[in-house]
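Subject: Structure handover

Hello,

Here is the structure we talked about. Please open it first; my notes follow below.

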Amino acid sequence: MLFSGSIFSQNNLIKDTLTLDDSSISEKIIYSARDSIFNDLKHRQVHLYGNAKITNGQINMEAGYILIDLNKREIYARYAYDKDSVRTQFPKFTDGTEEINATSIRYNIDTRKGYIEELKIKQDEIHLFMGTAKRQANDEIHFIKGRFTTCDLEEPHYHFQLSRAIMIPEKRIVTGPMNLWVAGIPTPLGLPFSMIPQQKKRTSGILFPEIVPTSSYGFGVQNLGYFIPINDYLQTSVYANLYSRGSWGLRNVLNYAKKYGFRGTLDVGFQQFKLGFPTDTKSNKLTISWTHSKEAKSNPFWNFSSNVNFISDNQSKNNLDPLNKDYFNNSFFSDININRLFPGKPITTGMKISVRQNSITKNIALVAPVFNLNVTRFFPFKNSFTKTTGLSSLISKIGVTYNVEGQNKSNIQDSLLTNGYFKEIGNQFQNGFNQTVSIQTTTGFFKNTLKFSPSFNYGNKINFQQIAKSYNSITNSTKIDTIQKMGMAHELSFSAQLTTLIYSYYKFIGKKQPLLRQIITPSVGFRYTPQVNELISAFAGTNQSLITYSPFERSIYSSSTAKNSAAINFGINNTFELKRKSEKDTITGFKKTRIIDILSITGNYDLIKDSMNLSDLTINLRISPATWLNFVANSSFSPYAWNTTTGAKTSKYALGNNQGLGRFLNANFTTTLTLVPKKSQDELKNSAQIVSSSEWNADYNYFALHPEALMNFNIPWKASISHVYSLVRNTSKTLTNPDEFRTIHTLALTADMSFTKRWNISCVSNYDFTSQEITNVRFTLSRNLHCWALSFNLTPIGFNKSFLFSIRNTSSIFQSAKLDIRQPPVFL
């Protein structure tokens, strides 16, 4: 035996190198210790004390005490004691990619066998504890008194007690008798033997279903599935739903991803509803959901994305899932986009296919496809002038933008799709092109206190469908026919606008020296729009009266019949801000509070119209004095007189008709109040960043769509109140509709409270003041059990009444280990 180098101490760390001849250990052993190293040459042993470390090839070991025995060719490691006689510096053994922790390890370098006590292994979400273990030469670990759990506590809330087992790394764990322990107490639940997969490679398997004891479709089995991993990029799951009254459904979920490339999910489902006696009717439903996103790193100039949510029957109320997340959703949107950027050039182009569905109007709008090309603003005369004032500034700031769009669109009734009338759907498509050119510039006068912005706009519309109106003598009305004929319409406008800023300050007497600042933004402009399109005149009205119309009134890019327009636009906006002394502000010494964000009045006056030249005035108000309070109000005011019987507007001014200055046509007031403890505001923002929806099952999909409703036990409480009050004046009164106003008055409350660290209760309620009734209520009570979750959901009011009591494991490994009770007790 030969010791090369020397034993030395530096920063309380002693290092040495041990080299042996070929008859013993073939590789060099490098060791170190913090406290001391004792070389026993007589017994050929090395003792390492305090943060001892050994490296022998790929084998690394750390412990409080390590013994190297060259006679037995063994390495022994165990823990050490601190000054309070507490065990510390537990052995950690690493062999390549394998890492284990224990209280003591004995390892033979030649046979590669080991004897381990109180071994702990963590792999993904699995925590495995071995009372006594022996590592074999083939890397298998035989152990007794094992514990298997997903709870990461030192004393887990639950575990499976293993009498004896064999662990084959990256393959499986084979055990003898095992039973479930909860809170350190054994239960009668168990198995005579088990085999726990350990391989990193994904395998196919059954997905356990949810039992639905009662529903409108009878007793059911929901989401009985089978998982199939196809390759490293694809995996799919097939689900089946079956109910006792004959309704059934199939669904396939395909997940795909490529690192630094793209990822997406395709969900296709089919459901057949059977109502049974006495109607005995059947109806089918096809659903398609597809989300796709591309990583920006893969190609920064191309982007492809999709967000498809299509339902064939255009109905959201019917669904085999008793907890239908789309029950209150009346609109469904589907989009598939592809975009292209051109580096170094102000050009972007794209194409999109979209579907818009509405279950209330029974309409479906299909755009397949729409193409657009945009040239962002560029300045052709930017470098032509050196002066930055006057006419030179006006010309050098001339900016030009160009946009062209072409689309193929159809608006149809959903009955055409459900009945399979595809030929009729194809006949209702409209198509055309629209291109616009805008030339704008701006300059300042009187040292830029007055801004002047003129612009010129031209639009060209090409349509491949027109209309022709004729007189129908049978019905004495106008007949409208659609003609497949290309036509062109033009739009031309000139505009100019002047705007400035006026600052007003109001000082008040007080200790904090409050100062109120008012910012007034007046603007006045002129817009001239000539009539450049020829209109068609025909005796096609009632009793063959003369009418004038545009052939593109119903085209995809319509053209109006408006005459020449020369309108003066005017508006004024006010902002109020209070400034006062504050000791909390250490930079400026003042605190600013925005009292009114927006208070504006806008309108226009047409110089060419023969009557009703002045438009209605639009009034907007927004107040947000604090981050938790927001108030928005908007209204429309008409200066014209009205018929007191029907409420219709007349061409006279109200002031000249002894009706005052006019009347408000509508008003809308929305107040939103969000309350949360000040210390929890950052936590509330973080709660929106939930895990990927692929890690949640069907019962949690609601929270993926509404992250603000996600329960966070770190937030003691939060509440959100939204009040909406809207008035719309009735301008067409009749005997059956004599009301002066149509009113919308609602209140929505969303609140949750964590009354302990683990208990949380929440409530969502909607109240309609018009009908004086609660339209919907949902209560949720949750208990965080660390590695388990308990929840109680009750919806006692509304069309979607439901009950759910659930206990489930929070680990994705045991996501099927759950108990769901959907039938409420008798007293509920």
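Strand 54 pairs antiparallel with strand 55 (residues 802–809) through eight bridges. Within that pairing, Phe792 has Phe805 in strand 55 as its bridge partner. Please keep in mind that this is a predicted model.

Strand 54 (residues 788–797) is also joined to strand 53 (residues 773–784), by seven bridges, and these two run antiparallel. Here Arg783 stands opposite Leu790 of strand 54. The hairpin of strand 53 and strand 54 has three residues between the strands, and His786 takes a positive phi near 70° there.

Next, the charges. The whole structure holds 15 salt bridges. One of them pairs Asp267 with Arg251, with the closest N and O atoms 2.8 Å apart. Asp267 sits in strand 26 (residues 262–274) and Arg251 in strand 25 (residues 248–258), 16 residues apart. Asp267 counts as buried, at 18% relative accessibility. Arg251 is partly exposed, at 25%.

Glu740 and Arg729 form another salt bridge, at 2.7 Å between the closest N and O atoms. Glu740 lies in the loop between strand 50 and strand 51, and Arg729 in strand 50, so the pair ties together parts eleven residues apart in sequence. Arg729 is buried, because its relative accessibility is 16%. Salt bridges with shared partners also link Arg517, Glu577, Arg594, Asp597 and Arg622 into one network.

Last, the surface. A nonpolar patch of about 650 Å² includes Leu498, Phe526 and Tyr605. Tyr605 belongs to strand 44 (residues 590–606). Tyr605 is partly exposed, with a relative accessible area of 32%.

Best wishes

How values were computed
Residues numbered from 1 in each chain as written. Predicted model: local features only at pLDDT ≥ 70, side-chain atom pairs only at ≥ 80, totals over all residues. Heavy atoms only, no water. Patch = residues over 30% accessible without salt bridge, like charges linked within 9 Å, V, L, I, M, F, W, Y side chains within 5 Å. Areas by Shrake-Rupley, 256 points an atom, 1.4 Å probe, with all protein chains shown as cover. Salt bridge = Lys/Arg side-chain N within 4 Å of Asp/Glu carboxyl O. Helix = DSSP H or I, 4+ residues; strand = E, 2+ residues; numbered from the N terminus. Buried < 20%, exposed > 50% of the residue type's maximum accessible area, 1.4 Å probe, protein only. Pairing = 2+ DSSP bridges.
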